[in-house]
Amino acid sequence: MLADSLTMLLVLAGAVFFLAGAVGLARFPDPLSRMHALSKADNLGLGLIVAGLLLQAPDWRTALKLLGIWLLAQLSAAAVTQLVAQAVVRRSARGAQTR
Amino acid sequence: MSLALDSLLALLLVTLALRTVLAGAELSAIIGFISLGLVTALAWVKLGSIDVALTEAAIGSGATGFLLLTTEAALRRSRFVTAPRIDTPESDLAPQGEDPGSPAAGPALAAITAGAVAVTVAVALLTLPEPAPSLSAPVVAALPTVGVGNPVTGVLLAFRSLDTLLEKVVLLLALVGIWVIAARPARVADTVAVPAPPGPLLLLARVLPPVGTLVGLYLLWEGADAPGGAFQGGAVLASMWILAMLAGLAPLPRRDDRRLRLVVVAGAGLFLAVGFAGVPLAGHFLAFPATVAKPLIVAVEAAITLSVAATLALLVAGQMRRPGA
């Protein structure tokens, strides 16, 4: 009973961060700030959802898999954000040069 | 509650599909296509077909998306193959984008055909009798004779194994077709390796492949009793190899590499061999003797996984090194 209500609270909090990330993606002016908003969704949002689901995991193997999913998602999101940011900076530098 | 979620998912699918079709730039359309694949995978999960969802995410969204992105990049590069100088006046530049002479009849015809197919499928689904005719009960009843717990694997590798065998051959033919078309010598710029791999890409390519290989093999092993299987495992393995190739940490495959060709053929080859062995041992082609059914299925699945991994990676990697390069 306690676990269920905690799960709902944590998953709801995670969903709020996802919503914030989506709103940031839609409303922020340039690509770098949009990625900043998205990274909140990936780290905190997914982390809160995984924390909520951990309370519902039937055994430690499932719990470890959930944690593994969170860590892998963070790793790939962080690397991809860096790559996109580098591409954005390169493009704006090239644009400034040819002007 | 479930109806609300399903309606939301359906609405998302249609909106995303429209967004993809009506996108102005090719890159936006490709990105829309990749996201559409992922949302479709969610829809498959909602329908209870997790194996199909895994394949949709890996192949339909991942591999196809990668192919489309590299193609778009190559096309974009070739449009500037004689790069216009910065001071060329606008009027002298060749027209980019849509050829004004092409009629709009093509897309309109495609839209009408797709709509007609969708309406037909919807009508057929909605007028099915209740309960809908299905073979799931006989399949589940016959599963213990095969020894696997996942009915999808049972159907793919035992009850309808001929279809799976033909699929593997078709995959092989697709690879041969691409090799024939892409036979001209590759410029380094055409290969999939990134010229100066940035730090984060190197990090991913160093950390992910061990984990990804484990996940791929796990998917293969679990496919016997839970959603998973040879194709999904092979797709994950292929993506790990591609990642290593992208970052330059693995050499591009050579065009005349005999061991690679052997691996590519091994899946369909072993499947055929087991099929023919079924004639003397169990009565007819592709029949498994009851005592060794499960080990045979696992062996064939392992060979298929390696073959699918090699074939997918080669399909997506495109140009390979010339012999001696």
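## Helix α11 of chain B

Helix α11(B) is mostly covered, with 18 of its 25 residues buried. Buried means under 20% relative accessible area, exposed means over 50%, and partly exposed lies in between, with a 1.4 Å probe and protein chains only. The helix covers residues 293-317 of chain B. Helices here are DSSP runs of H or I with at least four residues, strands are runs of E with at least two, and both are numbered from the N terminus.

How far apart are the end C-alpha atoms of α11 of chain B? They are 36 Å apart, which agrees with the 36 Å that 25 residues should span at 1.5 Å a residue. The expected span is 1.5 Å times one less than the number of residues in the helix.

## How the model was made and scored

This is a predicted model: local features need pLDDT of at least 70, side-chain atom pairs count only at pLDDT 80 or more, and totals for chains, interfaces and linings use all residues. Residues are numbered from 1 along each chain as its sequence is written, chains are lettered from A and ligands numbered from 1 in the order in which they are written, and side-chain values use heavy atoms, with hydrogens and water left out.

The model scores ipTM 0.84 and pTM 0.83. pLDDT is the predictor's confidence in each residue, from 0 to 100. Chain A has a mean pLDDT of 88, and 97% of its residues reach 70 or more. Chain B averages 82, with 87% of the residues scoring at least 70.

Within chain A, confidence is highest in helix α1 (residues 2-27), at a mean of 91. It is lowest in helix α3 (residues 60-98), at 87. In chain B, pLDDT stays under 50 over residues 82-88, where the model has 3 contacts beyond four places in sequence. Residues 93-98 of chain B also stay under 50, again with 3 such contacts. Contact means heavy atoms within 4.5 Å.

## Chain A

Chain A has 3 helices and 0 strands. From the N terminus on, its elements run α-α-α. Its C-alpha atoms fill a box of roughly 65 × 25 × 10 Å along the principal axes. Its radius of gyration is 17 Å, whereas a compact globule of 99 residues would have one near 13 Å. That radius is taken over C-alpha atoms, and the globule rule is 2.2 Å times the number of residues to the power 0.38.

Of the 99 residues of chain A, 20% count as buried. The chain exposes about 6700 Å², and carbon and sulfur atoms supply 72% of that area. Accessible areas come from the Shrake-Rupley method with a 1.4 Å probe; for residues, only the protein chains shown count as cover. Among contacts in chain A between residues at least 6 apart in sequence, 66% join residues at least 24 apart.

## Helix α1 of chain A

Helix α1(A) has 26 residues. From first C-alpha to last, α1(A) reaches 37 Å, close to the 38 Å expected at 1.5 Å a residue. Which residues of α1(A) are buried? Thr7(A), Gly14(A), Gly21(A) and Gly24(A) are. The buried residues of α1(A) pack against α2 (31-54) of chain A.

## Chain B

Chain B comes to 11 helices and 0 strands. Of its 325 residues, 31% count as buried. It exposes about 19100 Å², with 74% supplied by carbon and sulfur atoms. Of the contacts in chain B with a separation of 6 or more, 73% are between residues 24 or more positions apart.

## Residues to look at in chain B

Trp44(B) sits in helix α2 (residues 26-46) of chain B. Is Trp44(B) buried or partly exposed? Trp44(B) is partly exposed, because its relative accessible area is 30%. Leaving aside neighbours within four places in sequence, Trp44(B) is in contact with Ser49(B), Val52(B), Ala53(B) and Glu56(B). Trp44(B) and Glu56(B) are 12 residues apart in sequence and 8.6 Å apart in space, C-alpha to C-alpha.

The structure holds 1 aromatic pair over all chains. Phe276(B) and Phe285(B) form this tilted pair, 5.1 Å centre to centre with 50° between the planes. Rings of Phe, Tyr and Trp (its six-membered ring) pair if their centres lie within 6.5 Å; planes under 30 degrees apart count as stacked, over 60 as edge-to-face and the rest as tilted. Phe276(B) is exposed, at 55% relative accessible area. Phe285(B) is partly exposed, at 29%.

Leu286(B) lies in the loop between α10 (258-282) and α11 of chain B. Leu286(B) is buried, with a relative accessible area of 8%. Its phi is near 65°, a positive value in a residue other than glycine.
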